[in-house]
Amino acid sequence: MLDRDGAAELYPLATTDRSIWKVFEDLRKRSFSPRDLFAHIEQVGGYLKGSEIGKGGGAANGAAMFRFGRSTGFLHGCLVAAGIPYQEIRPVAWQRAVGLVPRKKGESKSQWKGRIKQHAQRLFPRLTVTLSICDALLIAEACRRQKSNFAIIS
């Protein structure tokens, strides 16, 4: 979460439905009104790659895609139940909003993720930025820049 001034507050990774909902409950118990919060959720498309389309060595099978879709839907439901407004944001939009140079031709996925992490570390020098949180921090920062009158959840 980012406040209006860009100070970040990190929550431990929630791994169950109950622990995810608890984050929203905790926000509601604090001084935040749902009207003072806004969330961005990254808009991603589903894809089948590999054996599912006849190329062998599938990267995302149907079961994995189903779990991802279920988790995303659950987050949408939590936001609605908590009364927190939100919108989806495409990767290219949040990357542009925080000044991240697009993935370069020939740049490996690990190089690209490393560059995202470094960019987040520059924007949040007081935090220890990891690969697991760098996207969320940058999505939240993009949202903060667009919605400066809200505290931001990403």
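A residue counts as buried when its relative accessible area is under 20%, as exposed when that area is over 50%, and as partly exposed in between. With these cut-offs in hand, this briefing looks at a predicted model, beginning with helix α1, which spans residues 17–29, and then turning to salt bridges, of which a search of the whole structure finds seven.

- Helix α1 is made up of 13 residues, and the distance from its first C-alpha to its last is 18 Å, which is close to the 18 Å expected at 1.5 Å a residue.
- Within α1, the residues Ile-20, Trp-21, Phe-24, Glu-25 and Leu-27 are buried. They lie on the same side of the helix, because the arc they cover around the axis is only 160°.
- On the face of α1 that is turned away from the buried side, one finds the exposed residues Arg-18 and Lys-29.

- Side chains of opposite charge can pair when their charged atoms come close.
- Asp-17 and Arg-70 form such a pair, their side chains meeting in a salt bridge with an N to O distance of 2.6 Å. Since Asp-17 lies in helix α1 and Arg-70 in helix α2 (residues 62–82), the pair ties together parts that are 53 residues apart in sequence.

**A salt bridge between buried residues**

- The side chains of Arg-115 and Glu-107 also meet in a salt bridge, with 2.8 Å from N to O, and here Arg-115 and Glu-107 are both buried.

- In another salt bridge, the side chains of Arg-145 and Glu-141 meet at 2.7 Å, N to O. These residues are separated by about one helical turn, because they stand four residues apart in helix α5 (residues 131–146).
- Glu-141 and Arg-145 belong, together with Arg-144, to one network, which is joined by salt bridges that share partners.

How values were computed:
Residues numbered from 1 in each chain as written. Predicted model: local features only at pLDDT ≥ 70, side-chain atom pairs only at ≥ 80, totals over all residues. Heavy atoms only, no water. Helix = DSSP H or I, 4+ residues; strand = E, 2+ residues; numbered from the N terminus. Expected span 1.5 Å × (residues − 1). Buried < 20%, exposed > 50% of the residue type's maximum accessible area, 1.4 Å probe, protein only. Arc of directions from axis to C-beta. Salt bridge = Lys/Arg side-chain N within 4 Å of Asp/Glu carboxyl O.
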